[in-house]
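Dear colleague,

Please find the structure below, with the sequence alongside. My notes on what was found follow directly after.

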Amino acid sequence: FNITEDGRPITTATGVQLQADYSFANAPQIDVLVVPSGSGSSNKDLVNSARINFVKERGMKAQWVTSYCGGAFTLGLAGFLDGKRATTYPGYMKQMQEMFPNTKVDRQARIAVDGNVVSTQGGIAAFEAALYVVEAYFGKQLADDIANTMIYPGSAADPWNRNLQKGYASLDQFKTAIDPVYIGSQKAWEEKRFPEMKNFAK
């Protein structure tokens, strides 16, 4: 279900309107807290104390706390990334490391899992994190079935399966060292688009 601060619909930066099921005031118990990303994820959202307090309060009671792309900044301000390994959108990594020096920002991971906190670089990695949580709750078979139905890259149903990370990051094969070919291409893309990241310490 979707939650907004006042329970009203919101319009995304791309003009898509999303309906809300609940407000901060009447939202039910949350088992998997998902903090999405938006145009204000690394700036204006971070001065919204109601948002930060809601995530902090509900995240403490959730079984899993997840973020996508710039949503990791909200997790950081809510205290969920202190002393943990996390990731975010490549263009935000330098800012994230500066804002949260006690967080190990991992630029080599599409998703980072530390305890019950899952963060991702965004994009298709958001689906990978979702499949990871599905497996944790319901088992690998269901997660595999969903991945195949989606024709998720690396799944058995993917006709162009190059096996970059053997499908999604399942519980029994999750590892921090990802295929070096993938990392090389990702790093080249990052440095071309974000030149300031060339000197960013890993």
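I begin with the strands β9 and β10 (residues 117-120), which run antiparallel and are joined by 4 bridges; helices (H or I, at least four residues) and strands (E, at least two) are DSSP runs, numbered from the N terminus, and two strands pair if DSSP finds at least two bridges between them. Within this stretch, Asp114 stands opposite Val117 in β10.

Before going further, please keep in mind that this is a predicted model, in which local features need pLDDT of at least 70 and side-chain atom pairs count only at pLDDT 80 or more, whereas totals for chains, interfaces and linings use all residues. Residues are numbered from 1 along each chain as its sequence is written, and side-chain values use heavy atoms, with hydrogens and water left out.

The two strands belong to an open sheet of 4 strands in the order β5-β6-β10-β9, with mixed pairing. Its edge strands are β5 (32-35) and β9 (111-114), each of which pairs on one side only, and the twist averages 15 degrees from one strand to the next. Helix α4 (residues 125-138) packs on the sheet and touches β5, β6 (64-68), β9 and β10 (contact means heavy atoms within 4.5 Å). The direction of α4 makes about 170 degrees with that of β6, where axes are lines fitted to C-alpha atoms, for helices over the stretch in contact, and angles run from 0 to 180 degrees between N-to-C directions.

Turning to the aromatic residues, a search of the whole structure finds 7 aromatic pairs; rings of Phe, Tyr and Trp (its six-membered ring) pair if their centres lie within 6.5 Å, and planes under 30 degrees apart count as stacked, over 60 as edge-to-face and the rest as tilted. One of these pairs is formed by Phe1 and Tyr22, whose ring centres are 5.2 Å apart and whose planes stand at 80 degrees, so the pair is edge-to-face. It links distant parts of the chain, since Phe1 is in the segment before β1 (3-4) and Tyr22 is in strand β4 (residues 22-23), 21 residues apart. Phe1 counts as exposed at 53% relative accessibility, while Tyr22 is partly exposed at 29% (buried means under 20% relative accessible area, exposed over 50%, partly exposed in between, with a 1.4 Å probe and protein chains only).

Phe73 and Tyr92 also form an edge-to-face pair, with 5.9 Å from centre to centre and 80 degrees between the planes. Because Phe73 lies in helix α2 (residues 72-77) and Tyr92 in the loop between β7 (85-86) and α3 (93-99), this pair ties together parts that are 19 residues apart in sequence. Phe73 is buried, with 0% relative accessibility, and Tyr92 is partly exposed, with 22%.

Phe73, Tyr89, Tyr92 and Phe100 form one aromatic cluster. Phe100 has its place in the loop between α3 and β8 (104-105) and counts as buried at 10% relative accessibility. Leaving aside residues up to four places away in sequence, Phe100 touches Phe73, Gly76 and Leu77. The C-alpha atoms of Phe100 and Asp82, which are 18 residues apart along the chain, are separated by 7.5 Å.

Finally, one backbone detail: Cys69, in the loop between β6 and α2, has a phi near 60 degrees, a positive value in a residue other than glycine. Cys69 counts as buried, at 16% relative accessibility.
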